[in-house]
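Here's a quick briefing to read alongside the model. Have the sequence and the 3D view open as you go.

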Amino acid sequence: MLSGRRLDLLDPSPLDVELADIAHGLARVARWNGQTRGDQAFSVAQHSLIVETIFCRMDAGATPEHMLMALLHDAPEYVIGDMISPFKSVVGGGYKSVEKRLEAAVHLRFGLPPHASRDLKDRIKKADTVAAYFEATELAGFSMVEAQKFFGLPRGITKDMIDIDPMPALEAQRRFVERFETIELLRKEKP
């Protein structure tokens, strides 16, 4: 990693996870394998910010811990990249196993449970699916009918509620770190 940390993919240690590495990596990993409109790639960092925004709008009672898990929902991709879902299915269990170990290391590094509860994971996935709908229609060339078939029709969330225009990597990286730090302040203020 750029921080100088060495992360063992087979046995990742929370001690080798750094926010700077996560933000840097996610800001440079393209969603949709780079097949999006715009002058720059739409990054996983920006996607993560959108998912956390949608998650908070869908769950007004979300705790700071839940917000942080939503923001970090794709954090393992700072190391292993973003694979489109159909390819993940082909690769199978080996990919998921590595992803789960990385997720646990990231979560533990920041004082979270190693994995989200099933209920929380489902709520984050719902926000992720809403984000994917808007990404598909606004950036990846899907028709609304096609996107609705794959992702469903978002309810209560509109594209004007999210920052969907692809941003430069450094901007996505900065905003990811800022949001992380804001959530951390909320976690410290919690009674």
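Glu135 sits in helix H7 (helices being DSSP runs of H or I of at least four residues, numbered from the N terminus). Setting aside neighbours within four places in sequence, Glu135 is in contact with Arg31, Trp32, Phe42, His47, Ala140 and Ile164, where contact means heavy atoms within 4.5 Å. Glu135 counts as buried, at 0% relative accessibility; buried is under 20% relative accessible area, exposed is over 50%, and partly exposed is in between, using a 1.4 Å probe and protein chains only.

A word on the source: this is a predicted model, with local features needing pLDDT of at least 70 and side-chain atom pairs counting only at pLDDT 80 or more, while totals for chains, interfaces and linings use all residues. Residues are numbered from 1 along each chain as its sequence is written, and side-chain values use heavy atoms, with hydrogens and water left out.

**The nonpolar core**

- The largest nonpolar core has 52 residues, and those with the most contacts inside it are Ile22, Leu72, Phe110 and Phe176; such a core is a set of buried Ala, Val, Leu, Ile, Met, Phe, Trp, Tyr and Cys residues joined through side-chain atoms within 4.5 Å.
- Helix H1 (19-27), H2, H3, helix H6 (93-109), helix H7 (118-138) and H9 each put in at least two residues of this core.
- H7 gives the largest share of this core, with 8 residues.
- Not counting residues up to four places away in sequence, Leu72 touches Val106, Phe110, Leu112, Phe176 and Phe180.

**Helix H3**

- Helix H3 (residues 64-71) is largely enclosed by the rest of the structure, because 7 of its 8 residues are buried.
- The buried ones in H3 are Pro64, Glu65, Met67, Leu68, Met69, Ala70 and Leu71.

**H2 against H9**

- Helix H2 (residues 44-58) and helix H9 (residues 169-189) have axes that come within 8 Å and cross at roughly 40°; the axes are lines fitted to C-alpha atoms over the stretch in contact, and angles run from 0 to 180 degrees between N-to-C directions.
- H2 passes H9 in a left-handed crossing, meaning that the near helix is turned anticlockwise from the far one by less than a right angle.
- On the H2 side, Ala45, Gln46, Ser48, Leu49, Glu52 and Cys56 meet Ala172, Arg175, Phe176, Arg179 and Ile183 of H9.
- The residues of this H2 and H9 contact split into 6 nonpolar, 2 polar and 3 charged; Ala, Val, Leu, Ile, Met, Phe, Trp, Tyr, Cys and Pro count as nonpolar, Asp, Glu, Lys and Arg as charged, and the others, Gly among them, as polar.

**Aromatic pairs**

- There are 7 aromatic pairs in the structure; rings of Phe, Tyr and Trp (its six-membered ring) pair if their centres lie within 6.5 Å, with planes under 30 degrees apart called stacked, over 60 edge-to-face and the rest tilted.
- Tyr133 and Phe134 make an edge-to-face pair, because their ring centres are 5.3 Å apart and their planes are at 85°.
- Tyr133 is buried at 5% relative accessible area, and Phe134 is buried at 8%.
- The Phe150 and Phe151 rings have centres 6.3 Å apart and planes at 50°, so that pair is tilted.
- Phe150 is exposed at 52% relative accessible area, whereas Phe151 is partly exposed at 24%.
- Trp32, Phe142, Phe150 and Phe151 form one aromatic cluster.

**Lys100**

- Lys100 lies in helix H6 and counts as partly exposed, at 44% relative accessibility.
- Lys100 and Pro76 are 24 residues apart in sequence and 8.1 Å apart in space, C-alpha to C-alpha.
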